[in-house]
Amino acid sequence: MNSDAVTMEKIVSLARRRGFVFPSSEIYGGLGSSYDYGHYGVLMKENVKARWLEAMVRERDDIVALDSSIILHPRVWEASGHVTGFTDPLVDCRFCKLRFRADQLGEAQCGAKPSKHPGETESCDLTEPRHFNLMFSTRIGAVEETGLDTYLRPETAQGIFVNFKNVAQIARRKPPFGIAQIGKGFRNEITPGNFIFRTLEFEMMEMEFFVPPAEAEDWYRYWIEERMQWYLRFGIRESHLRVRAHEADELSHYSSATSDIEYLFPMGWSELEGIANRGDYDLSAHTEASGTKLEWVDSEMGERYTPHVVEPAAGVNRSLLAFMVDAYDEEVVAERPRTVLRLHPEIAPVKVAVLPLIPRNAEIAGRARALYEELRRAVIAEYDDSGQIGRRYRRQDEIGTPFALTIDEQTLEDDTITIRDRDSLAQERIPISGARAVVLDKLAQDWRTPKPG
Ligand code: GAP
(Lines give C-alpha, C1' and ligand atoms only; values in the text may rest on other atoms or scores of the structure.)
Protein backbone atom coordinates (compact mmCIF):
# COMPACT_ATOMS: atom_id res chain seq x y z
CA MET A 1 0.00 0.00 0.00
CA ASN A 2 1.24 3.49 -0.77
CA SER A 3 2.00 4.89 2.68
CA ASP A 4 0.54 8.25 1.80
CA ALA A 5 -2.84 6.53 1.46
CA VAL A 6 -2.89 5.91 5.24
CA THR A 7 -5.59 8.31 6.33
CA MET A 8 -6.32 9.37 9.89
CA GLU A 9 -9.84 7.95 9.43
CA LYS A 10 -8.37 4.48 8.84
CA ILE A 11 -6.22 4.73 11.96
CA VAL A 12 -9.12 6.02 14.09
CA SER A 13 -11.34 3.24 12.80
CA LEU A 14 -8.78 0.48 13.49
CA ALA A 15 -7.95 1.93 16.91
CA ARG A 16 -11.59 1.85 17.84
CA ARG A 17 -12.47 -1.48 16.19
CA ARG A 18 -9.70 -3.30 18.00
CA GLY A 19 -9.98 -1.39 21.27
CA PHE A 20 -6.71 0.56 21.23
CA VAL A 21 -8.27 3.99 21.76
CA PHE A 22 -11.83 5.23 22.40
CA PRO A 23 -13.28 8.74 22.56
CA SER A 24 -13.47 9.75 26.22
CA SER A 25 -16.81 10.11 28.07
CA GLU A 26 -18.50 8.72 24.99
CA ILE A 27 -21.85 7.91 26.62
CA TYR A 28 -22.16 11.61 27.42
CA GLY A 29 -21.40 12.65 23.87
CA GLY A 30 -17.60 12.62 24.17
CA LEU A 31 -15.21 15.31 25.33
CA GLY A 32 -13.21 17.08 22.64
CA SER A 33 -9.50 16.27 22.52
CA SER A 34 -9.77 13.53 25.16
CA TYR A 35 -9.32 9.81 24.59
CA ASP A 36 -9.29 6.64 26.67
CA TYR A 37 -6.98 3.71 26.01
CA GLY A 38 -8.26 0.15 25.86
CA HIS A 39 -6.35 -3.09 26.40
CA TYR A 40 -4.10 -3.03 23.32
CA GLY A 41 -3.59 0.74 23.59
CA VAL A 42 -2.39 0.34 27.17
CA LEU A 43 -0.05 -2.54 26.28
CA MET A 44 1.39 -0.62 23.34
CA LYS A 45 1.81 2.56 25.36
CA GLU A 46 3.63 0.58 28.06
CA ASN A 47 5.99 -0.78 25.38
CA VAL A 48 6.76 2.72 24.08
CA LYS A 49 7.54 3.92 27.61
CA ALA A 50 9.61 0.84 28.45
CA ARG A 51 11.74 1.22 25.30
CA TRP A 52 12.35 4.89 26.12
CA LEU A 53 13.29 4.19 29.74
CA GLU A 54 15.61 1.36 28.68
CA ALA A 55 17.36 3.65 26.20
CA MET A 56 17.65 6.44 28.77
CA VAL A 57 18.39 4.58 31.98
CA ARG A 58 19.20 0.90 31.48
CA GLU A 59 21.57 1.30 28.56
CA ARG A 60 23.46 4.29 29.98
CA ASP A 61 25.36 5.20 33.13
CA ASP A 62 24.73 8.93 33.04
CA ILE A 63 20.94 9.19 33.48
CA VAL A 64 18.79 8.50 36.55
CA ALA A 65 15.00 8.25 36.87
CA LEU A 66 12.52 10.46 38.72
CA ASP A 67 8.76 10.54 39.33
CA SER A 68 7.70 13.99 40.58
CA SER A 69 4.22 15.26 41.47
CA ILE A 70 1.69 16.48 38.93
CA ILE A 71 0.63 19.27 41.27
CA LEU A 72 3.54 21.46 42.31
CA HIS A 73 3.75 24.64 44.38
CA PRO A 74 2.26 27.52 42.37
CA ARG A 75 5.52 29.46 42.73
CA VAL A 76 7.18 26.84 40.50
CA TRP A 77 5.04 28.02 37.59
CA GLU A 78 5.62 31.69 38.32
CA ALA A 79 9.39 31.19 38.45
CA SER A 80 9.46 28.98 35.37
CA GLY A 81 7.74 31.67 33.30
CA HIS A 82 4.70 29.51 32.53
CA VAL A 83 2.21 31.84 34.24
CA THR A 84 3.15 34.69 31.93
CA GLY A 85 4.72 32.93 28.96
CA PHE A 86 2.95 29.61 28.34
CA THR A 87 0.26 31.03 26.11
CA ASP A 88 -1.26 30.60 22.68
CA PRO A 89 -2.47 33.58 20.62
CA LEU A 90 -6.20 33.09 20.07
CA VAL A 91 -8.85 34.88 18.05
CA ASP A 92 -12.62 34.66 18.52
CA CYS A 93 -15.15 34.91 15.73
CA ARG A 94 -17.98 37.21 16.86
CA PHE A 95 -20.21 35.68 14.17
CA CYS A 96 -19.87 31.87 14.66
CA LYS A 97 -18.63 32.18 18.29
CA LEU A 98 -15.75 29.76 17.70
CA ARG A 99 -12.20 30.28 18.95
CA PHE A 100 -9.11 29.64 16.82
CA ARG A 101 -5.32 29.65 17.18
CA ALA A 102 -4.25 32.88 15.50
CA ASP A 103 -1.15 31.18 14.10
CA GLN A 104 -3.12 28.23 12.67
CA LEU A 105 -6.03 29.88 10.88
CA GLY A 106 -4.96 28.22 7.64
CA GLU A 107 -5.55 24.78 9.19
CA ALA A 108 -8.90 25.59 10.85
CA GLN A 109 -12.42 25.38 9.43
CA CYS A 110 -14.72 28.39 9.40
CA GLY A 111 -17.65 27.72 11.76
CA ALA A 112 -20.23 28.99 9.28
CA LYS A 113 -18.68 27.63 6.09
CA PRO A 114 -16.43 24.64 6.81
CA SER A 115 -14.94 24.63 3.29
CA LYS A 116 -13.33 28.00 4.13
CA HIS A 117 -10.78 29.01 6.73
CA PRO A 118 -11.72 31.50 9.49
CA GLY A 119 -11.59 35.05 8.16
CA GLU A 120 -12.25 34.00 4.54
CA THR A 121 -16.01 34.63 4.35
CA GLU A 122 -17.87 37.93 4.47
CA SER A 123 -19.63 37.00 7.70
CA CYS A 124 -16.39 36.12 9.57
CA ASP A 125 -15.76 38.72 12.26
CA LEU A 126 -12.46 37.91 14.02
CA THR A 127 -11.15 39.69 17.11
CA GLU A 128 -7.52 40.73 17.46
CA PRO A 129 -5.32 37.87 18.82
CA ARG A 130 -5.32 37.55 22.62
CA HIS A 131 -2.95 35.53 24.74
CA PHE A 132 -4.58 32.56 26.45
CA ASN A 133 -2.72 30.55 29.11
CA LEU A 134 -2.63 26.81 28.41
CA MET A 135 -2.36 25.66 32.03
CA PHE A 136 -5.34 24.11 33.80
CA SER A 137 -5.93 25.81 37.13
CA THR A 138 -6.86 23.85 40.19
CA ARG A 139 -7.25 24.54 43.88
CA ILE A 140 -5.65 22.76 46.84
CA GLY A 141 -7.64 22.67 50.08
CA ALA A 142 -11.31 22.36 50.89
CA VAL A 143 -11.85 25.87 52.23
CA GLU A 144 -12.36 28.56 49.63
CA GLU A 145 -10.67 31.34 51.64
CA THR A 146 -7.55 29.42 52.65
CA GLY A 147 -7.10 27.26 49.56
CA LEU A 148 -4.10 27.56 47.31
CA ASP A 149 -4.55 28.12 43.58
CA THR A 150 -2.18 26.17 41.44
CA TYR A 151 -2.01 24.31 38.14
CA LEU A 152 -1.82 20.83 36.70
CA ARG A 153 1.68 20.57 35.25
CA PRO A 154 1.92 21.35 31.52
CA GLU A 155 5.36 19.67 31.37
CA THR A 156 7.14 17.23 33.67
CA ALA A 157 10.41 19.14 33.29
CA GLN A 158 9.80 21.57 36.16
CA GLY A 159 9.49 18.67 38.62
CA ILE A 160 12.99 17.69 37.53
CA PHE A 161 14.48 21.19 37.90
CA VAL A 162 13.11 21.76 41.39
CA ASN A 163 14.55 18.38 42.44
CA PHE A 164 17.96 19.07 40.90
CA LYS A 165 19.73 19.42 44.24
CA ASN A 166 18.14 16.30 45.78
CA VAL A 167 18.91 14.12 42.80
CA ALA A 168 22.41 15.45 42.09
CA GLN A 169 23.45 14.76 45.68
CA ILE A 170 21.96 11.30 45.93
CA ALA A 171 22.83 10.13 42.43
CA ARG A 172 26.46 11.19 42.97
CA ARG A 173 26.72 12.17 39.33
CA LYS A 174 28.63 15.12 37.95
CA PRO A 175 27.63 16.95 34.78
CA PRO A 176 27.10 15.81 32.13
CA PHE A 177 24.29 13.74 33.62
CA GLY A 178 20.57 13.50 33.10
CA ILE A 179 17.28 12.99 34.93
CA ALA A 180 14.53 11.14 33.06
CA GLN A 181 10.84 11.21 33.85
CA ILE A 182 7.67 9.81 32.30
CA GLY A 183 4.34 11.22 33.39
CA LYS A 184 1.18 13.05 32.49
CA GLY A 185 1.06 16.64 31.32
CA PHE A 186 -2.08 18.75 30.91
CA ARG A 187 -2.74 21.59 28.48
CA ASN A 188 -5.92 23.46 27.76
CA GLU A 189 -5.49 23.04 24.01
CA ILE A 190 -8.16 24.62 21.91
CA THR A 191 -7.18 23.03 18.61
CA PRO A 192 -9.15 19.81 18.37
CA GLY A 193 -8.83 17.21 15.66
CA ASN A 194 -6.13 14.85 14.44
CA PHE A 195 -7.14 12.17 16.92
CA ILE A 196 -4.58 11.66 19.73
CA PHE A 197 -2.01 14.00 18.17
CA ARG A 198 -2.98 16.91 20.43
CA THR A 199 -5.06 16.24 23.52
CA LEU A 200 -5.90 17.90 26.83
CA GLU A 201 -3.91 15.36 28.81
CA PHE A 202 -1.08 13.25 27.53
CA GLU A 203 1.96 11.37 28.71
CA MET A 204 5.39 12.85 28.22
CA MET A 205 8.84 11.26 28.25
CA GLU A 206 11.26 14.02 29.20
CA MET A 207 14.93 13.96 30.02
CA GLU A 208 16.84 16.96 31.33
CA PHE A 209 20.55 16.61 30.61
CA PHE A 210 22.69 18.90 32.78
CA VAL A 211 25.99 19.85 31.16
CA PRO A 212 28.93 22.26 31.61
CA PRO A 213 27.88 25.46 29.74
CA ALA A 214 30.65 25.18 27.16
CA GLU A 215 29.41 21.71 26.12
CA ALA A 216 25.73 22.58 25.63
CA GLU A 217 25.86 23.02 21.87
CA ASP A 218 27.61 19.68 21.34
CA TRP A 219 25.15 17.83 23.59
CA TYR A 220 22.23 19.50 21.81
CA ARG A 221 23.47 18.05 18.49
CA TYR A 222 24.18 14.70 20.17
CA TRP A 223 20.65 14.33 21.55
CA ILE A 224 19.00 15.23 18.24
CA GLU A 225 20.91 12.37 16.61
CA GLU A 226 20.40 9.98 19.52
CA ARG A 227 16.65 10.49 19.58
CA MET A 228 16.37 10.16 15.80
CA GLN A 229 18.14 6.78 16.06
CA TRP A 230 15.63 5.65 18.71
CA TYR A 231 12.69 6.02 16.31
CA LEU A 232 14.64 4.27 13.54
CA ARG A 233 15.64 1.46 15.88
CA PHE A 234 12.00 0.71 16.61
CA GLY A 235 11.05 0.56 12.99
CA ILE A 236 9.86 4.01 11.88
CA ARG A 237 10.83 4.53 8.25
CA GLU A 238 13.66 7.01 7.71
CA SER A 239 11.78 8.56 4.78
CA HIS A 240 9.03 9.58 7.23
CA LEU A 241 11.28 11.31 9.78
CA ARG A 242 13.08 14.62 9.58
CA VAL A 243 14.67 17.21 11.85
CA ARG A 244 13.46 20.80 11.68
CA ALA A 245 15.13 23.64 13.56
CA HIS A 246 12.75 26.23 15.06
CA GLU A 247 12.74 29.76 13.72
CA ALA A 248 13.50 32.42 16.36
CA ASP A 249 9.81 33.42 16.61
CA GLU A 250 8.72 29.82 17.36
CA LEU A 251 10.99 29.26 20.35
CA SER A 252 9.41 28.61 23.75
CA HIS A 253 10.05 31.21 26.42
CA TYR A 254 12.81 29.06 27.99
CA SER A 255 14.65 27.94 24.86
CA SER A 256 17.67 29.36 23.06
CA ALA A 257 17.49 26.66 20.35
CA THR A 258 15.00 23.89 19.60
CA SER A 259 14.80 21.26 16.88
CA ASP A 260 11.78 19.08 16.31
CA ILE A 261 11.92 15.53 15.12
CA GLU A 262 8.97 15.52 12.77
CA TYR A 263 7.00 12.58 11.41
CA LEU A 264 5.03 12.55 8.17
CA PHE A 265 1.58 12.07 9.76
CA PRO A 266 -1.51 11.82 7.50
CA MET A 267 -2.07 15.58 7.99
CA GLY A 268 1.52 16.36 6.98
CA TRP A 269 4.90 16.82 8.67
CA SER A 270 4.28 17.47 12.38
CA GLU A 271 6.25 17.49 15.62
CA LEU A 272 6.92 14.14 17.23
CA GLU A 273 9.53 15.27 19.73
CA GLY A 274 11.31 18.49 20.60
CA ILE A 275 14.97 18.75 21.57
CA ALA A 276 15.67 22.08 23.29
CA ASN A 277 18.75 23.85 24.53
CA ARG A 278 17.28 25.48 27.64
CA GLY A 279 20.57 27.04 28.74
CA ASP A 280 20.59 27.92 32.45
CA TYR A 281 17.11 29.46 32.20
CA ASP A 282 15.31 27.09 34.56
CA LEU A 283 17.95 26.45 37.23
CA SER A 284 18.73 30.18 37.45
CA ALA A 285 15.03 31.14 37.61
CA HIS A 286 14.34 28.66 40.45
CA THR A 287 17.53 29.69 42.27
CA GLU A 288 16.42 33.29 42.20
CA ALA A 289 12.81 32.62 43.17
CA SER A 290 13.41 29.98 45.86
CA GLY A 291 16.69 31.20 47.34
CA THR A 292 18.08 27.64 47.00
CA LYS A 293 21.20 27.53 44.86
CA LEU A 294 20.67 25.04 42.07
CA GLU A 295 24.24 24.76 40.87
CA TRP A 296 27.02 22.29 40.52
CA VAL A 297 29.71 22.50 43.20
CA ASP A 298 32.87 20.45 43.04
CA SER A 299 34.83 21.34 46.16
CA GLU A 300 37.79 19.12 45.20
CA MET A 301 38.24 20.88 41.89
CA GLY A 302 37.14 24.27 43.27
CA GLU A 303 34.43 24.39 40.59
CA ARG A 304 31.01 26.03 40.89
CA TYR A 305 28.62 26.77 38.03
CA THR A 306 24.98 26.57 36.94
CA PRO A 307 24.73 23.71 34.45
CA HIS A 308 23.04 24.24 31.11
CA VAL A 309 20.21 21.93 30.15
CA VAL A 310 19.60 19.99 26.95
CA GLU A 311 16.14 18.46 26.87
CA PRO A 312 14.72 15.79 24.58
CA ALA A 313 10.94 15.82 25.23
CA ALA A 314 8.71 13.26 23.52
CA GLY A 315 5.00 12.45 23.69
CA VAL A 316 3.96 8.87 24.48
CA ASN A 317 0.59 9.21 22.77
CA ARG A 318 2.01 10.98 19.76
CA SER A 319 4.71 8.31 19.43
CA LEU A 320 2.04 5.62 19.62
CA LEU A 321 0.17 7.39 16.82
CA ALA A 322 3.33 7.59 14.68
CA PHE A 323 4.07 3.89 15.29
CA MET A 324 0.51 3.00 14.27
CA VAL A 325 0.51 5.17 11.15
CA ASP A 326 3.90 3.89 10.08
CA ALA A 327 2.86 0.28 10.65
CA TYR A 328 -0.58 0.42 9.02
CA ASP A 329 -0.80 -1.58 5.82
CA GLU A 330 -3.45 -3.05 3.57
CA GLU A 331 -2.96 -5.75 0.99
CA VAL A 332 -4.90 -8.38 -0.90
CA VAL A 333 -4.03 -11.97 -0.04
CA ALA A 334 -5.72 -14.82 -1.92
CA GLU A 335 -8.20 -12.29 -3.30
CA ARG A 336 -9.16 -11.11 0.18
CA PRO A 337 -8.20 -7.77 1.71
CA ARG A 338 -5.96 -7.87 4.77
CA THR A 339 -5.25 -5.01 7.17
CA VAL A 340 -2.08 -5.44 9.15
CA LEU A 341 -0.11 -3.40 11.66
CA ARG A 342 3.52 -4.08 10.83
CA LEU A 343 4.77 -3.02 14.25
CA HIS A 344 8.25 -3.63 15.56
CA PRO A 345 7.95 -6.74 17.79
CA GLU A 346 9.13 -4.71 20.79
CA ILE A 347 6.34 -2.19 20.27
CA ALA A 348 3.57 -4.66 19.34
CA PRO A 349 1.05 -5.06 22.19
CA VAL A 350 0.80 -8.86 21.89
CA LYS A 351 3.87 -10.88 20.89
CA VAL A 352 2.35 -14.25 20.05
CA ALA A 353 -1.09 -15.78 19.59
CA VAL A 354 -1.96 -19.40 20.23
CA LEU A 355 -4.76 -20.70 18.05
CA PRO A 356 -6.25 -24.20 18.35
CA LEU A 357 -7.44 -25.08 14.83
CA ILE A 358 -10.36 -27.18 16.05
CA PRO A 359 -11.27 -25.86 19.51
CA ARG A 360 -13.98 -28.53 19.95
CA ASN A 361 -11.28 -31.19 19.90
CA ALA A 362 -10.39 -31.48 23.58
CA GLU A 363 -6.93 -32.84 22.89
CA ILE A 364 -6.06 -29.98 20.52
CA ALA A 365 -7.52 -27.41 22.92
CA GLY A 366 -5.58 -28.94 25.82
CA ARG A 367 -2.25 -28.86 23.96
CA ALA A 368 -2.93 -25.27 22.85
CA ARG A 369 -3.85 -24.14 26.33
CA ALA A 370 -0.71 -25.69 27.81
CA LEU A 371 1.46 -23.97 25.21
CA TYR A 372 -0.25 -20.66 25.93
CA GLU A 373 0.34 -21.06 29.68
CA GLU A 374 4.02 -21.70 28.97
CA LEU A 375 4.38 -18.69 26.66
CA ARG A 376 2.51 -16.17 28.79
CA ARG A 377 5.12 -16.57 31.52
CA ALA A 378 7.69 -15.06 29.15
CA VAL A 379 5.76 -12.60 26.95
CA ILE A 380 2.32 -11.08 26.42
CA ALA A 381 0.50 -13.90 24.63
CA GLU A 382 -3.10 -14.34 23.58
CA TYR A 383 -5.24 -17.47 23.33
CA ASP A 384 -7.96 -17.25 20.71
CA ASP A 385 -10.39 -20.06 19.98
CA SER A 386 -13.39 -18.14 18.67
CA GLY A 387 -14.41 -18.13 15.02
CA GLN A 388 -12.84 -19.42 11.85
CA ILE A 389 -9.06 -19.62 11.76
CA GLY A 390 -8.91 -17.02 8.96
CA ARG A 391 -10.81 -14.54 11.10
CA ARG A 392 -8.53 -15.21 14.05
CA TYR A 393 -5.41 -14.56 11.95
CA ARG A 394 -6.98 -11.33 10.74
CA ARG A 395 -7.68 -10.16 14.29
CA GLN A 396 -4.06 -10.75 15.23
CA ASP A 397 -2.84 -9.02 12.06
CA GLU A 398 -4.89 -5.93 12.92
CA ILE A 399 -3.35 -5.65 16.38
CA GLY A 400 0.11 -6.31 14.99
CA THR A 401 0.90 -9.67 16.66
CA PRO A 402 4.19 -10.77 15.05
CA PHE A 403 3.66 -14.54 15.40
CA ALA A 404 0.73 -16.95 15.54
CA LEU A 405 1.05 -20.59 16.58
CA THR A 406 -1.54 -23.05 15.34
CA ILE A 407 -2.17 -26.42 16.93
CA ASP A 408 -3.94 -28.88 14.61
CA GLU A 409 -4.60 -32.57 14.08
CA GLN A 410 -1.04 -33.13 12.89
CA THR A 411 0.17 -31.90 16.30
CA LEU A 412 -1.48 -34.92 17.86
CA GLU A 413 0.41 -37.20 15.47
CA ASP A 414 3.91 -35.72 15.40
CA ASP A 415 4.07 -33.04 18.14
CA THR A 416 4.64 -30.20 15.67
CA ILE A 417 2.77 -26.91 15.30
CA THR A 418 2.69 -24.14 12.73
CA ILE A 419 4.33 -20.77 13.31
CA ARG A 420 3.03 -18.02 11.04
CA ASP A 421 4.94 -14.81 10.39
CA ARG A 422 2.69 -11.71 10.34
CA ASP A 423 4.72 -9.88 7.70
CA SER A 424 5.73 -12.56 5.19
CA LEU A 425 2.80 -14.89 5.95
CA ALA A 426 5.34 -17.73 5.78
CA GLN A 427 4.32 -20.78 7.76
CA GLU A 428 6.77 -23.25 9.19
CA ARG A 429 6.28 -26.45 11.21
CA ILE A 430 8.28 -26.62 14.41
CA PRO A 431 8.31 -29.04 17.36
CA ILE A 432 5.87 -27.92 20.05
CA SER A 433 8.48 -28.62 22.72
CA GLY A 434 10.79 -25.95 21.27
CA ALA A 435 8.08 -23.41 20.45
CA ARG A 436 8.84 -21.08 23.36
CA ALA A 437 12.53 -20.88 22.46
CA VAL A 438 11.73 -20.35 18.76
CA VAL A 439 9.30 -17.52 19.53
CA LEU A 440 11.71 -15.79 21.92
CA ASP A 441 14.52 -16.15 19.40
CA LYS A 442 12.45 -14.70 16.56
CA LEU A 443 11.25 -11.83 18.74
CA ALA A 444 14.85 -10.92 19.57
CA GLN A 445 15.97 -10.80 15.94
CA ASP A 446 16.53 -7.53 14.08
CA TRP A 447 13.36 -6.32 12.44
CA ARG A 448 12.93 -3.99 9.47
CA THR A 449 9.56 -3.01 8.09
CA PRO A 450 8.70 -4.60 4.75
CA LYS A 451 6.75 -1.43 3.90
CA PRO A 452 8.38 0.64 1.18
CA GLY A 453 9.72 4.06 2.23
N1 GAP B 1 9.35 20.31 28.33
C2 GAP B 1 9.33 20.54 26.94
C3 GAP B 1 8.01 20.48 26.37
O4 GAP B 1 7.03 20.45 27.07
P5 GAP B 1 6.75 20.32 24.07
O6 GAP B 1 7.31 20.31 22.68
O7 GAP B 1 5.72 21.36 24.39
O8 GAP B 1 8.01 20.43 25.01
C9 GAP B 1 6.94 17.74 24.27
O10 GAP B 1 6.15 18.89 24.40
C11 GAP B 1 6.21 16.68 23.49
O12 GAP B 1 4.99 16.34 24.15
C13 GAP B 1 5.80 17.08 22.09
O14 GAP B 1 6.85 16.88 21.16
C15 GAP B 1 4.64 16.14 21.82
O16 GAP B 1 5.11 14.85 21.41
C17 GAP B 1 4.01 16.00 23.18
N18 GAP B 1 2.86 16.91 23.33
C19 GAP B 1 2.89 18.24 23.60
N20 GAP B 1 1.64 18.73 23.69
C21 GAP B 1 0.81 17.69 23.47
C22 GAP B 1 -0.62 17.54 23.42
N23 GAP B 1 -1.44 18.56 23.68
N24 GAP B 1 -1.14 16.32 23.15
C25 GAP B 1 -0.33 15.26 22.92
N26 GAP B 1 1.02 15.33 22.96
C27 GAP B 1 1.58 16.53 23.23
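Let me start with a term: a residue is near a molecule or strand if one of its heavy atoms lies within 4 Å of it. With that in hand, 20 residues are around the ligand, and E155, R187, E189, E206 and E271 come nearest.

Some background on the model. It is a predicted one, where local features need pLDDT of at least 70, side-chain atom pairs count only at pLDDT 80 or more, and totals for chains, interfaces and linings use all residues. Residues are numbered from 1 along each chain as its sequence is written, and side-chain values use heavy atoms, with hydrogens and water left out.

Now the ligand. In R187, a polar side-chain atom lies 2.8 Å from a ligand oxygen atom. The side chain of E189 has an N or O atom 2.8 Å from a nitrogen atom of the ligand. For E311, the distance from a side-chain N or O atom to a ligand nitrogen atom is 2.9 Å. A polar contact here is a pair of N or O atoms within 3.5 Å. On its own the ligand has 550 Å² of accessible area, and the protein covers 92% of that; these areas come from the Shrake-Rupley method with a 1.4 Å probe.

Which elements give two or more residues to the shell around the ligand? They are strand 10 (201-211), strand 13 (268-279) and strand 16 (308-315). Strand 13 gives the most, five residues. Strands are DSSP runs of E with at least two residues, and helices are runs of H or I with at least four, numbered from the N terminus. The shell has seven nonpolar, three polar and 10 charged residues. Asp, Glu, Lys and Arg count as charged, Ala, Val, Leu, Ile, Met, Phe, Trp, Tyr, Cys and Pro as nonpolar, and the others, Gly among them, as polar.

Next, the whole protein. There are 13 helices and 23 strands. Of its 453 residues, 51% count as buried, where buried means under 20% relative accessible area, exposed over 50%, and partly exposed in between (1.4 Å probe, protein chains only).

Last, the backbone. From P175 to P176 the peptide bond is cis, with omega near 5 degrees, and P176 sits in the loop between helix 6 (164-171) and strand 9 (177-186). K97 is not a glycine, yet has a positive phi of about 70 degrees. K97 is in the loop between strand 4 (87-92) and strand 5 (99-101), and is exposed at 66% relative accessibility. A334, also not a glycine, has a positive phi near 50 degrees. A334 is exposed too, with a relative accessible area of 70%.

Technical notes
A polar contact is a pair of N or O atoms within 3.5 Å; within protein, one must be able to donate a hydrogen and the other to accept it, and residues adjacent in sequence count only if both atoms are side-chain atoms.
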